[in-house]
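Work through the following exercises on the structure shown below. Each task sentence is followed by a solution in steps.

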Amino acid sequence: MTAKTSVDSVRYEMIADMDIALPKVKEQMAISAYFDRLDHLITLHQRKYDKLQVLKKAMLEKMFPKNSSGVPEIRFKGFTDAWEQRKLGEVVERITRKNENLESTLPLTISAQYGLINQNEFFDKRIASKDVSGYFLVRNGEFAYNKSTSSDAPWGAIKRLDRYESGVLSTLYIVFKISDERKTSSDYIVTYYNTDLWHKGIQAIAAEGARNHGLLNVAPADFFETSLTMPKDYAEQQKIGSFFQQLDNLITLHQRELEKLQNIKKSMLEKMFV
């Protein structure tokens with residue numbers, strides 16, 4: 001009886017007959033050591049990035065009051081007053097400024113992960129129309145609410161413009177700014193809208209659900225009637241906002257280093273082999 005040749009054995013024979021270009025042993029060891037160090041650095045930054053993300057999530061849960069408790073589980077030393085509920089419209093004002101003079105031609109979009117970002121960069125193509133004179137003009141430090149839903153932003157996303165001096169947004173967005181930055185910390189507002197504490201308020205005013213294209217049916221007037229929880233003391237607001245801004249900076253730093261090292265590895269794998 002003649003034994004049948006298996007597919008695996010054929011594959012093995014094909015691979016066994018392949019020519020592989022190999023440097024001398026000393027160079028092999030040097031290449032291996034280089035990539036080992038690179039992998040170690042990648043793992044190191046990945047671990048730090050993951051730990052910081054976990055820390056941020058835990059602190060967002062513990063540094064804001066839950067339900068009607070009035071005080072958070074963890075707070076900075078020296079602050080004892082109960083927090084208060086405020087309507088958003090009491091601490092911010094809506095912006096409906098149009099880009100009539102074409103002060104900016106930078107089309108923006110809101111990403112739950114990256115915030116207000118260049119639309120061309122985020123989508124790799126332009127979604128906005130060529131004529132952006134009818135769009136809202138948004139300036140650095142101002143906020144916008146994107147009513148579009150996604151898996152990581154089930155009730156949309158609220159972000160501050162930090163990356164650019166100005167940009168333009170579709171009038172489907174709700175744009176606003178802090179009314180008095182001597183009483184309300186902008187960094188605190190950024191942090192608050194990184195929690196899910198505001199979702200309940202949006203859920204209540206968008207009770208009829210989303211439209212077919214995934215855009216929540218939230219009227220601006222109703223949006224500014226939603227509540228937010230905040231410390232009475234401006235100094236406590238500042239401390240909370242500053243803490244999370246520093247945490248975000250560290251997260252971004254390790255994320256960038258991780259991406260840089262991964263790109264270096266990819267490039268070197270392509271260039272260091274024949």
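The model is predicted: local features require pLDDT of at least 70, side-chain atom pairs count only at pLDDT 80 or more, and totals for chains, interfaces and linings use all residues. Residues are numbered from 1 along each chain as its sequence is written, and side-chain values use heavy atoms, with hydrogens and water left out.

**Exercise 1. State how many helices and strands the chain has, and what share of its residues is buried**.

Step 1. Helices (H or I, at least four residues) and strands (E, at least two) are DSSP runs, numbered from the N terminus. The chain has eight helices and 10 strands.

Step 2. Buried means under 20% relative accessible area, exposed over 50%, and partly exposed in between (1.4 Å probe, protein chains only). Of the 274 residues, 36% are buried.

Step 3. Contact means heavy atoms within 4.5 Å. Among contacts with a separation of 6 or more, 75% join residues 24 or more positions apart.

**Exercise 2. Count the aromatic pairs and classify the one formed by Tyr193 and Trp198**.

Step 1. Rings of Phe, Tyr and Trp (its six-membered ring) pair if their centres lie within 6.5 Å; planes under 30 degrees apart are stacked, over 60 edge-to-face, and the rest tilted.

Step 2. Tyr193 and Trp198 have ring centres 5.5 Å apart and planes at 70°, an edge-to-face pair. Tyr193 counts as buried because its relative accessible area is 5%, and Trp198 is buried at 5% as well.

Step 3. Ring pairs also link a cluster that includes Tyr193, Trp198, Phe64, Trp83 and Phe143.

**Exercise 3. Identify the residues that touch the most other members of the largest nonpolar core**.

Step 1. A nonpolar core is a set of buried Ala, Val, Leu, Ile, Met, Phe, Trp, Tyr and Cys residues joined through side-chain atoms within 4.5 Å.

Step 2. The largest core holds 34 residues, and Phe64, Leu88, Tyr145, Tyr188, Phe223 and Phe244 touch the most other members. Elements giving two or more residues to this core include α2 (25-62), β6 (143-146) and α8 (234-271).

Step 3. Beyond four places in sequence, Leu88 touches Tyr193, Phe223, Phe224, Thr226 and Leu228. A second, separate core of 15 residues includes Val138, Ala144, Ala157 and Tyr173.

**Exercise 4. Determine which residues line the largest cavity**.

Step 1. On a 1 Å grid over the protein atoms alone, a cavity is a set of points where a 1.4 Å probe fits but cannot get out; lining residues have an atom within 4 Å of a point. Grid points are joined across faces, edges and corners, and a volume is the space filled by probe spheres set on the points.

Step 2. There is one cavity of 30 Å³ or more, and the largest contains about 30 Å³ of space.

Step 3. Its lining consists of Ile158, Tyr193, Trp198, Gly201, Ile202, Phe223, Thr226 and Ser227.

Notes. On a 1 Å grid over the protein atoms alone, a cavity is a set of points where a 1.4 Å probe fits but cannot get out, and a pocket is an open set with protein on both sides within 12 Å along at least five of seven lines; lining residues have an atom within 4 Å of a point.
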